[in-house]
Amino acid sequence: MICAKCKGEVSDDMQYCPHCGTKIVKCPYCGQIIYPGSQFCVHCGRRLDSSSQDNYSNGYSQNRKSSIGGYYKPLDQDNNYHQNSYNNYNNYDNSFDTYDNNYNSYNNTYDNQNYDNYEKPKKKLNIPLIVGAVVVLVALSGLAYWYLYYGASSNDTYSNTYDISEFYGDSNDSNNATTVTNLTISGTTSDTSKFGNNVQGGFVYQTNDKIYMQNNEGYLVSMDYDLSNQVVLVEDDVSYINVTDDKIYYCDSNYVLHSMDLDGSNDTTYFDEEDVYYVNVIDNMIYYQLDSSSESIYVYDIELKTSKQITDHQSYNINVIDDMIYFTGSDGIYSISTTGQGEEKLISGEVYNLIYSNGKLYYYIDGVIYSYDVSTKETVTITNGYLLNMTDNYLFYYTSSYVLYRYDISTGQSTSIYTGYLSDVSICGDKLILTTYASNGYEKVLLTFDGTQQQAIFVETTTDSGDYV
């Protein structure tokens, strides 16, 4: 098998990679190695939960919780996991020294080819490829250093011609050169993208004058469109961010729903502090999935302070459009009125990442993306991949070769715009917000829709003397 981090060869019975020390975590569905903390498997596309990964890394227990289409707390938020990893790493210190001296003798592959031609890496050493991989790793280290000192700070200026196309974007496309520049968010976030953001975990929300989003530590931060005036409002891992004219709604690290004033005061909790998911605040109503009630949908009237159950079974990927709710169950796509009447099954199968856009439902099954016309009931196959997010014009999907593509809905053309491990992809106005993963942890990156410009969103700021603090 191949390590998800360094791409070195790993025996099936190993619990830690002998080359980089990363804990070996396997997808509970397809058995392929994944990154610790992954929210979905990039090999089979299934949504993952923390219990699934814990059980697989501790003896392949069969007592795992079903998470078909659902969203659960990532493993990287589990303090026990971090402590256990730290203790186990100490046992491997001696072996690290041995492998560091012989690192170049191990296979280190990075697959940038198109999804349609993707093949799993073979357990065969490739010396020329190893040398090339080492060069890329050194270059990536230099890039990280450059980001630290010249990255995305509203107080700094830097070159907008730094070419990193050898690291990001489709390596087969010589015209897809990615540059680092001072970026700003403009335009508005469509309803389509709001649905997509919520399916991804609700980490970003745009209002008329502010951006509210999760930072690299998972905290809730507000900022201006040019990424300046960043203010931490909540020091906890947050998700499902919704903002109204006078309130901010969010879920904390335990998925308890809160609301507070726009300045962070008057924090209030809801639903007896039970965990909820897929929170949609629309007008005076809150639509949500209640985990303790068979993961069914409820609606809460903010003024009357009353809740009503909408569905009575597992319900995920909630899209509320006018007086209808479209959602996925454990066995397909369903529709139901906001009053709880007239439930109908539209599509059968294990469906993931449902997004409503302009009268159609977009989703994927078994690594194939489809659209379903609500009026005509026609199903169309779009492309191979794992649907992540959408705008009214573009569909963004991921492949098993760690490539993010933009699909033009009007022309049917796909363009690779980013290569690398991604945890999630949100949309804010005219930009993508990627949660990337590297050796130093997760990082939020702003990316243009064509993939030619990107910028780290959260970096250390400088003093007047230019020193970083």
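The buried residues of helix H5 are Thr 192, Ser 193, Phe 195, Gly 196, Asn 197, Asn 198, Val 199 and Gln 200. H5 spans residues 191-200, and because 8 of its 10 residues are buried, the helix is largely enclosed by the rest of the structure.

Ser 190 lies in the loop between strand S4 (179-180) and H5. With a relative accessible area of 19%, Ser 190 is buried, since residues under 20% are counted in that class. Apart from neighbours within four places in sequence, Ser 190 is in contact with Thr 391 and Asp 392. Just after the helix, Gly 201 adopts a positive phi of about 130°.

### The chain as a whole

The protein chain contains 5 helices and 32 strands. Of its 469 residues, 54% count as buried. Among contacts between residues at least 6 apart in sequence, 42% join residues at least 24 apart. The chain exposes about 20400 Å², and carbon and sulfur atoms supply 44% of that area.

Confidence in the prediction can be stated for the chain and for two of its segments. The average pLDDT of the protein chain is 75, and 63% of the residues score at least 70. Over residues 145-178, pLDDT stays under 50, and the model has 86 contacts beyond four places in sequence for this segment. Over residues 461-469, pLDDT also stays under 50, and here the model has 14 contacts beyond four places in sequence.

### The second largest pocket

H5 also takes part in a pocket. The second largest pocket has a volume of about 840 Å³. It is lined by 34 residues, of which Thr 189, Asp 191, Lys 194, Tyr 205 and Val 281 are the closest to its centre. H5 gives the largest share of the lining, 6 residues. Each of the following elements supplies at least two lining residues: H5, strand S5 (204-206), strand S9 (239-243), strand S13, strand S17 (316-321) and strand S21 (352-357).

### Backbone angles and cysteines

Most residues other than glycine have a negative phi. Asn 229 is not a glycine, yet its phi is positive, at about 55°. Asn 229 is placed in the loop between strand S7 (220-223) and strand S8 (231-234). Tyr 278, also a residue other than glycine, has a positive phi near 55°. Tyr 278 belongs to strand S13, which covers residues 276-282. At 0% relative accessibility, Tyr 278 counts as buried. Strand S13 is also one of the elements that supply at least two residues of the lining of the second largest pocket.

A search of the whole structure finds 0 disulfides.

| Residue | Relative accessible area | Class |
|---|---|---|
| Ser 190 | 19% | buried |
| Tyr 278 | 0% | buried |

Definitions and conventions:
Residues are numbered from 1 along each chain as its sequence is written. This is a predicted model: local features need pLDDT of at least 70, side-chain atom pairs count only at pLDDT 80 or more; totals for chains, interfaces and linings use all residues. Side-chain values use heavy atoms; hydrogens and water are left out. Buried means under 20% relative accessible area, exposed over 50%, partly exposed in between (1.4 Å probe, protein chains only). Helices (H or I, at least four residues) and strands (E, at least two) are DSSP runs, numbered from the N terminus. pLDDT is the predictor's confidence in each residue, from 0 to 100. Contact means heavy atoms within 4.5 Å. Accessible areas come from the Shrake-Rupley method with a 1.4 Å probe; for residues, only the protein chains shown count as cover. A disulfide is a pair of cysteine sulfur atoms within 2.5 Å. On a 1 Å grid over the protein atoms alone, a cavity is a set of points where a 1.4 Å probe fits but cannot get out, and a pocket is an open set with protein on both sides within 12 Å along at least five of seven lines; lining residues have an atom within 4 Å of a point. Grid points are joined across faces, edges and corners, and a volume is the space filled by probe spheres set on the points.
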